Amino acid sequence: MTRSPTLDNIANNGQGTSEISYWQDLDADEAPNISNDNPDDLGEVGKAEQGSMRARTLYLNKGYGVADLTAELANSEPMQHIRNRFGTYWTRQWQRYLLGAARGIIASNIANNAGDMVKDAGATISATAFSGRCLHCRRCGRHVRSHRRPLGGHEPDGQAGPD
């Protein structure tokens, strides 16, 4: 993620919602002008258009704590562990929000615009789709997908086995 002073100012407005202006992309369907040596031939001038969108500012927080006795009994520093993992926690939270927003955009596009942004690749993403065969556990021979997560020491061997 990259921090933007402009977005920081919008987020700090204290209202929780904001109106953000932006420039529309240039229209790629407009043909370019064909140049010649005649100074009286004027080319068409394209225009740049502006749009706006509404944004919602999320104010998130998360606190962790442990009892002093925990550090004594564990013979380690649980707060140090929390400090070490806190950045990863927020990275995962932002990923969750980003994927949720993307799902919402796609769902809205399907419902309101006939899914013109959605391209069907024609296949389901699965281990079988990539390998062309079922994955089986080395220890018990069952399909890997029949195991509950985590596999608990069972590892896929990539070998096709009996269904």
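**Close-up views of a predicted model**

At 41% relative accessibility, Tyr-64 falls into the partly exposed class, where buried means under 20% relative accessible area, exposed over 50%, and partly exposed in between (1.4 Å probe, protein chains only). A quick note before the views: this is a predicted model, in which local features need pLDDT of at least 70, side-chain atom pairs count only at pLDDT 80 or more, and totals for chains, interfaces and linings use all residues. Residues are numbered from 1 along each chain as its sequence is written, and side-chain values use heavy atoms, with hydrogens and water left out.

**View 1. Tyr-64 meets Phe-86.** A pair of aromatic rings is described by the distance of the centres and the angle of the planes. Here the centres sit 6.1 Å apart and the planes are at 90°, so Tyr-64 and Phe-86 make an edge-to-face pair. (Rings of Phe, Tyr and Trp, its six-membered ring, pair if their centres lie within 6.5 Å; planes under 30 degrees apart count as stacked, over 60 as edge-to-face and the rest as tilted.) Tyr-64 belongs to the loop between β2 (50-56) and α2 (68-74), while Phe-86 is in helix α3, so the pair ties together parts that are 22 residues apart in sequence. Helices (H or I, at least four residues) and strands (E, at least two) are DSSP runs, numbered from the N terminus. Phe-86 is partly exposed too, with a relative accessible area of 27%.

**View 2. Tyr-89 and Trp-90.** These two rings have their centres 5.2 Å apart and their planes at 80°, so they are edge-to-face. Tyr-89 is partly exposed at 23% relative accessible area, whereas Trp-90 counts as buried at 19%. Together with Tyr-64 and Phe-86, they form one aromatic cluster.

**View 3. Ala-114 and its positive phi.** Most residues other than glycine have a negative phi. Ala-114 is not a glycine, yet its phi is about 60°. You'll find Ala-114 in the loop between α3 and α4, and it is exposed, with a relative accessible area of 76%.

**View 4. How confident is the predictor, and where is confidence lowest?** pLDDT is the predictor's confidence in each residue, from 0 to 100. The protein chain has a mean of 78, and 74% of its residues reach 70 or more. Confidence is lowest in helix α4 (residues 127-131), at a mean of 52, and highest in α3, at 90.
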